[in-house]
Amino acid sequence: RRLQDKFHQYNSYVVCKDGAQVVAMAAFSTTRPFSLDAKVPDLDAWLPPHGNICEVRLLSVRKEYRHTRACAALLSFLIAQLLQKGVDMAVISGTTRQLGLYKKLGFQAFYSLVGTPEAQYQPMYITRADLKKARWLLC
C-alpha cells in the first residue's frame, strides 16, 4: 500500500538523484483546481493579474542534501520547466519553516496561514519576472 498524491494524475515531477537514490523532488501542475483553491476562497482574487498559472507542491529534499547543490539544481531545473511551459505565475503553500528561502527566491505571501496548528503553510506566489531572477540566483 502506497500513499498517492490526490493530484498525481495532473502533476509533472522533477527529481534529483544521486546515483540510484532520489535526493530531492517537486511536483507542479497547470490543471485546476489546485490544492490552494480548496484552502483560499476565491484564490484568483488574491493574486495579481495572470494568464498561465501553476501550483508547485511536494518540494522535498533529503536532510543531508538540503545545503548542497542538489536543492539549487532541482529548483533551477523546476523553474526552467515552468518558464518553458509559458507559466507567468506560480503559487505554493510554503511551509512556515522555509519562508526565508521562499522570500529569497522572490515569492510573495498573500492571505493568512492555512493548514493545521501542527502544520501551517503560507500561501505565496511568484511572477514570471521573479522566476527568471530566481533561476539566475540559483546558478
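## Cysteines

The structure holds zero disulfides, a disulfide being a pair of cysteine sulfur atoms within 2.5 Å. For Cys54, the closest cysteine sulfur belongs to Cys71 and is 17 Å away, which is too far for a bond. Cys71 is in no disulfide either, and its nearest cysteine sulfur, that of Cys16, lies 8.9 Å away.

Are Cys54 and Cys71 buried or exposed? Cys54 counts as buried because its relative accessibility is 0%, and Cys71 is buried too, with a relative accessible area of 12%. Here, buried means under 20% relative accessible area, exposed means over 50%, and partly exposed is in between (1.4 Å probe, protein chains only).

## About the model

Before going further, please note that this is a predicted model, in which local features need pLDDT of at least 70, side-chain atom pairs count only at pLDDT 80 or more, and totals for chains, interfaces and linings use all residues. Residues are numbered from 1 along each chain as its sequence is written, and side-chain values use heavy atoms, with hydrogens and water left out.

## The overall fold

What does the secondary structure of the protein chain come to? There are four helices and seven strands, where helices (H or I, at least four residues) and strands (E, at least two) are DSSP runs numbered from the N terminus. Starting at the N terminus, the order of the elements is β-β-α-β-α-β-α-β-β-β-α.

Of the 139 residues, 42% count as buried. Take the contacts (heavy atoms within 4.5 Å) between residues at least 6 apart in sequence: 63% of these join residues at least 24 apart.

How many salt bridges does the count come to? The count is five, with a salt bridge defined as a side-chain nitrogen of Lys or Arg within 4 Å of a carboxyl oxygen of Asp or Glu. One of them joins the side chains of Arg32 and Asp37, at 2.7 Å from N to O. Both partners count as partly exposed, because Arg32 has 32% relative accessibility and Asp37 has a relative accessible area of 25%.

Arg32 also meets Asp44 in a salt bridge, at 2.9 Å from N to O. Asp44 sits in the loop between helix 1 (35–39) and strand 3, while Arg32 sits in the loop between strand 2 (21–29) and helix 1, so this pair ties together parts that are twelve residues apart in sequence. Asp44 is partly exposed, at 33% relative accessibility. Through shared partners, salt bridges join Arg32, Asp37 and Asp44 into one network.

Another salt bridge links Glu64 with Arg62, whose closest N and O atoms are 3.2 Å apart. Arg62 is partly exposed, with a relative accessible area of 38%.

## The surface

The protein chain exposes about 8,400 Å², of which carbon and sulfur atoms supply 52%. Accessible areas come from the Shrake-Rupley method with a 1.4 Å probe, and for residues only the protein chains shown count as cover.

Which residues make the nonpolar surface patch of about 320 Å²? They are Tyr13, Val15, Val22 and Leu58. Patches are made of residues with over 30% relative accessible area and no salt bridge; like charges are joined within 9 Å, and nonpolar side chains (Val, Leu, Ile, Met, Phe, Trp, Tyr) within 5 Å. Leu58 belongs to strand 3 (residues 53–61) and counts as partly exposed, at 37% relative accessibility.

Lys6 lies in the segment before strand 1 (12–18) and is exposed, with a relative accessible area of 70%. Lys6 and Ser35 are 29 residues apart along the chain, and their C-alpha atoms are separated by 9.0 Å.

Thr95 is part of strand 4 (residues 89–95) and is buried, with a relative accessible area of 10%. Leaving aside neighbours within four places in sequence, Thr95 is in contact with Tyr102, Gln120 and Tyr121.
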